[in-house]
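Hello,

Here is the structure I promised to pass on. Please open it first, then read my notes below.

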Amino acid sequence: MEEKKLGRILVIDDNEDVLFSAKMLLRHHAREVVMEKNPKKIPFLVSNEDFDLILLDMNFSQDITSGQEGFYWLKEILRYDPSAVVVMITAYGDVEMAVKALKEGATDFVLKPWQNEKLLATLSAASKLRHSYKEVSQLKEVNRTLTTQLNASQDIIQGNSPAMRQLFSIIDKVARTDADILLLGENGTGKEVIARAIHQRSSRADKVFVTVDMGAVTESLFESELFGHKKGAFTDAKEDRIGRIEAADGGTLFLDEIGNLSLAMQAKLLTVLQRREVIRVGTNKPIPVNVRLISATNMPLKEMVQRNEFRQDLLYRINTVELNLPPLRARPDDIPVFAEHFLAIYAKKYRQHLKRLSDSGLARLRRYHWPGNVRELQHALERASIMSDNRELQAGDFFFLAEAEPAQPEASTLDLDDLEREAVQRAMQKHDGNISKAAKELGLSRGALYRRLEKYAL
């Protein structure tokens, strides 16, 4: 069976014999042929449906020979869909009219009665042009997105602590699937780095990874930014633009700070995730999308559901697999690994000799509480590498951490969960994250301690 390469074709002519002839010929070569006698229906058809090709008569009953009516409707089609591929047809064609049609935006020009082979060859060439328009539009947005992503942090996933080794094991399992993932953890724990690692280990690794900071998207621009818009849909919409979700088609979409969305934005996002299609602002055309979704937040979504601040159905949709990222203070064994990684980056960035941590410098970093987690450690190492003239960074090179180090608060609650969480946290800090020593002091087995670390996201 011959492959139908011409997609959906709209044929507009007030002559029923012409419409019948076109349909008999094109039905064997097109996925669908839509016939229309009345050109006044063109705005509705073009704005609500997606056609790969449009065959437009130049002369309707009101204007038999001049072609002016055809030129008017050509302009209307291009006003609604600037990337439309339109082939003009007329029984009164000449070179001057053909040139004018092309100048007005037509793709090609055929005479009727047409030769079947000639018409099919013309439409085949036009179909390739339509496909090129779509590719160029998507590539522009993908390139814009890639440029942004390439300028973002390129840190690699790090860590040798038991907590991180356990996390790596889970990542290796889920990365090979297309399951939606929710990453939970404090600010600075590396949620985007983990999301990138999942993408790089997945079957979509050769496709785009698109990041959207949901906390930075205003409610007024939410639909335009995520779903895209059509030219003229609002005051500043000066050109057609695909949204971030459509740009991620085939790849991974990372929605950071998803807990900051309003309930109205949550509802709109949920609809897209359920239907797996987007509708650009200013159109009614659904566009199917195939993305792997990874979301992240430092907010307690389950508690927000109880307070009616986050939709429960959206939470179910985004957390097929839920991963908790432990804070840096719970895994001080990872500090030397991070330090080696970041110091190598800054030696190259600032054209310095490669610096390393002294024993005293490492001990100082291990004792610190790290409220800003890995991001704060990164900044501390950058500052110390710039300010220190020594090859080895000493404890004194991190003097600026002393003021930020919090004192241990006295227990201000009798809630058993809070008291247990505080005891586990203090034991882990006291023994620099050594699971065996902390478990022994707490009177727990290693497995029981692991369960509590996971329970309290420590």
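How many nonpolar, polar and charged residues are in the lining of the second largest pocket? By class, there are ten nonpolar, four polar and seven charged residues. Here Ala, Val, Leu, Ile, Met, Phe, Trp, Tyr, Cys and Pro count as nonpolar, Asp, Glu, Lys and Arg as charged, and the others, Gly among them, as polar.

Some ground rules. This is a predicted model, where local features need pLDDT of at least 70, side-chain atom pairs count only at pLDDT 80 or more, and totals for chains, interfaces and linings use all residues. Numbering starts from 1 along each chain as its sequence is written, and side-chain values use heavy atoms, without hydrogens and water.

Confidence next. The chain has a mean pLDDT (the predictor's confidence in each residue, from 0 to 100) of 84. Of its residues, 88% reach 70 or more. Residues 151-155 fall below 50. Where pLDDT is low, the predicted coordinates should not be read in detail.

Now two residues. Most residues other than glycine have a negative phi. Arg-276 has a positive phi, near 55°. Arg-276 sits in the loop between helix H10 (263-275) and strand E11 (277-279). Helices (H or I, at least four residues) and strands (E, at least two) are DSSP runs, numbered from the N terminus. Arg-276 is partly exposed, at 27% relative accessible area. Asn-373 also has a positive phi, about 60°. Asn-373 belongs to helix H15 (residues 373-387). Asn-373 is buried, at 0% relative accessibility. Buried means under 20% relative accessible area, exposed over 50%, partly exposed in between (1.4 Å probe, protein chains only).

Best wishes

Key
Contact = heavy atoms within 4.5 Å.
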